[in-house]
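Keep the picture open as you read.

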Amino acid sequence: MTTSSSERGVSLGMPELPAPAYPDDVRARLEADAREVIARYPDSRSALLPLLHLVQSEEGHVTRTGMRFCADMLGLTTAEVTAVATFYTMYRRKPSGDYQVGVCTNTLCAVMGGDAIFETLQEHLGVGNGETTDDGKVTLEHIECNAACDFAPVVMVNWEFFDNQTPASAKHLVDDLRAGRPVQPTRGARLCTFKETARILAGFPDERPGAVEEGGSAGPASLVGLRLAKGETAPARVVHPRGGPHEESQDRVHEPSPAEHLSSHDAPQDTSASDPAHPAGPTAEEGE
């Protein structure tokens, strides 16, 4: 004797309906932008990544409607577009906040305090990983390495760097974001919303006056590595823990003993501009 699927408690469900289309005015505007992006590539399907950023700039995340739009513009199947959209973590699959606050919890940042920062922000904001505050301002997530280990622990907001953070400075940062107060990254242009960031990542110019000039460059800790790679040398500088009993001036140079270290990561740097008690960026250029 056989049993039906309903008798076995299995629900096959109904197939998902096709994604709705954009309103005509929205689609016309996005099509004009999409054609501009596609024209940059000899093979149209190469434009898929920036087009996904484009539709993300419209709704704040990549919707089924956005993926259908990309497929239509590029002559792809929605399955092909979905495979890409679900692979890269920069594409959001659900509604999220105006500010994506990512705390690096990879090895070095975690050791330097990233785990403590992430736990503090979860409790302070009342959200878990990938969740958004009730006011729609902040989405919190832990993220993998952002290639800024020389400034660990690092917090990123809409992919802009906030270096040398502490739990206290990170709490102050998210409070400023939620209150609408201006926030300046340690390196890079002043913040814009996630939708605005997505449009810039799609390849369209940042039209905010002066924003491009604010982009800056690598920080002093990164430039030390560049100088060393070029064969340049600098006197060794031993950094002692903050608040320790050692009173020797950092300007005195001596040969370190085996018990001493040359890494500035043995002594956490002062925090970024998100902490009003400290200036933006490290208080001294490393390696000098």
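## Two helices crossing: α5 and α6

Helix α5 (residues 107–125) packs against helix α6 (residues 167–179) at an angle of about 40°, and their axes are 9 Å apart. Here, axes are lines fitted to C-alpha atoms, for helices over the stretch in contact, and angles run from 0 to 180 degrees between N-to-C directions. That angle makes α5 oblique to α6; under 35 degrees counts as roughly parallel, over 145 as roughly antiparallel, 65 to 115 as roughly perpendicular, and the rest as oblique. Helices (H or I, at least four residues) and strands (E, at least two) are DSSP runs, numbered from the N terminus.

Who touches whom? On the α5 side you'll find Ala116, Ile117, Thr120, Leu121, His124 and Leu125, meeting Pro167, Ala170, Lys171, Val174, Asp175 and Arg178 of α6. Contact means heavy atoms within 4.5 Å. Sorted by class, the contact of α5 with α6 has seven nonpolar, two polar and three charged residues. Ala, Val, Leu, Ile, Met, Phe, Trp, Tyr, Cys and Pro count as nonpolar, Asp, Glu, Lys and Arg as charged, and the others, Gly among them, as polar.

A word on the model: it is predicted, so local features need pLDDT of at least 70 and side-chain atom pairs count only at pLDDT 80 or more, while totals for chains, interfaces and linings use all residues. Residues are numbered from 1 along each chain as its sequence is written, and side-chain values use heavy atoms, with hydrogens and water left out.

## Rings that meet

The structure holds three aromatic pairs. Rings of Phe, Tyr and Trp (its six-membered ring) pair if their centres lie within 6.5 Å; planes under 30 degrees apart count as stacked, over 60 as edge-to-face and the rest as tilted. Buried means under 20% relative accessible area, exposed over 50%, and partly exposed in between (1.4 Å probe, protein chains only).

Ring pairs also link Phe87, Tyr88 and Tyr91 into a cluster. Phe87 counts as exposed, at 61% relative accessibility, and Tyr88 as partly exposed, at 39%.

Now back to α3: eight of its 11 residues are buried, so α3 is largely enclosed by the rest of the structure. The buried ones are Thr65, Gly66, Met67, Phe69, Cys70, Ala71, Met73 and Leu74. What covers them includes α1, α2 (48–59) and α4.

With helix α4 (residues 78–85), α3 packs at an angle of about 120°, the axes being 9 Å apart. The two are therefore oblique to each other, and their crossing is right-handed. Met67, Arg68, Cys70 and Ala71 in α3 meet Thr78, Val81, Thr82 and Ala85 in α4. This contact of α3 with α4 divides into five nonpolar, two polar and one charged.

Key
A crossing is left-handed if the near helix is turned anticlockwise from the far one by less than a right angle, and right-handed if clockwise.
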